[in-house]
Amino acid sequence: MNKCHITNEIRKFRFLQSEMTQQELAEKVGVTRQTIVAIENEKYSPTLELAFKIARIFNASLEDVFTYNA
């Protein structure tokens, strides 16, 4: 059985936002930089609440930032 996971475009959006650092994003959404690193590297799937917070920071829809691969 294939494992489902979430892919993301966080790195792309960070660079479109004046090259926002992982630390800056982490502070804006209330998590550690290591959490942002893990999400970007697809080693950790964010909670729905965190995913919405990240998308809101980038003024983007959830679907623009995250993709669910079944």
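Q: Which residues is Val31 in contact with, leaving aside its neighbours within four places in sequence?
A: Contact means heavy atoms within 4.5 Å. With neighbours within four places in sequence left aside, Val31 is in contact with Ala26, Ile36 and Leu50. The model is a predicted one, where local features need pLDDT of at least 70 and side-chain atom pairs count only at pLDDT 80 or more, while totals for chains, interfaces and linings use all residues. Residues are numbered from 1 along each chain as its sequence is written, and side-chain values use heavy atoms, with hydrogens and water left out.

Q: Where is Val31 found?
A: Helices (H or I, at least four residues) and strands (E, at least two) are DSSP runs, numbered from the N terminus. Val31 is in the loop between H2 and H3. Its C-alpha atom is separated by 13 Å from that of Thr21, ten residues apart along the chain.

Q: Why does Val31 count as partly exposed?
A: Buried means under 20% relative accessible area, exposed over 50%, and partly exposed in between (1.4 Å probe, protein chains only). Val31 counts as partly exposed because its relative accessibility is 26%.

Q: At what angle do H2 and H4 pack?
A: Axes are lines fitted to C-alpha atoms, for helices over the stretch in contact, and angles run from 0 to 180 degrees between N-to-C directions. Helix H2 (residues 22-29) packs against helix H4 (residues 48-57) at about 120°, and the axes are 10 Å apart.

Q: Which residues make the contact of H2 and H4?
A: H2 contributes Leu25, Lys28 and Val29, and H4 contributes Leu50, Lys53, Ile54 and Ile57. For classes, Ala, Val, Leu, Ile, Met, Phe, Trp, Tyr, Cys and Pro count as nonpolar, Asp, Glu, Lys and Arg as charged, and the others, Gly among them, as polar. The contact of H2 with H4 has five nonpolar, no polar and two charged residues.

Q: Which residues of the largest nonpolar core touch the most other members?
A: In soluble globular proteins, nonpolar side chains tend to be buried together. A nonpolar core is a set of buried Ala, Val, Leu, Ile, Met, Phe, Trp, Tyr and Cys residues joined through side-chain atoms within 4.5 Å. Here the largest has 16 residues, and Ile10, Leu25, Ile54, Phe58, Val65 and Phe66 touch the most other members. At least two residues of this core come from each of helix H1 (10-16), H2, helix H3 (33-40), H4 and helix H5 (62-65). H4 gives the largest share, four residues.

Q: What is Ile10 in contact with, beyond its neighbours within four places in sequence?
A: Ile10 is in contact with Leu25, Ile39, Glu40, Ile54, Phe58, Val65 and Phe66.

Q: How many aromatic pairs does the count come to?
A: Rings of Phe, Tyr and Trp (its six-membered ring) pair if their centres lie within 6.5 Å; planes under 30 degrees apart count as stacked, over 60 as edge-to-face and the rest as tilted. The count comes to one aromatic pair. Phe13 and Phe58 form this stacked pair, 5.4 Å centre to centre with 25° between the planes. Phe13 is in helix H1 and Phe58 in the loop between H4 and H5, 45 residues apart. Phe13 counts as buried at 13% relative accessibility, as does Phe58 at 4%.

Q: Is Ser18 buried or exposed?
A: Ser18 is exposed, its relative accessible area being 72%. Ser18 lies in the loop between H1 and H2 and has a positive phi of about 55° although it is not a glycine.
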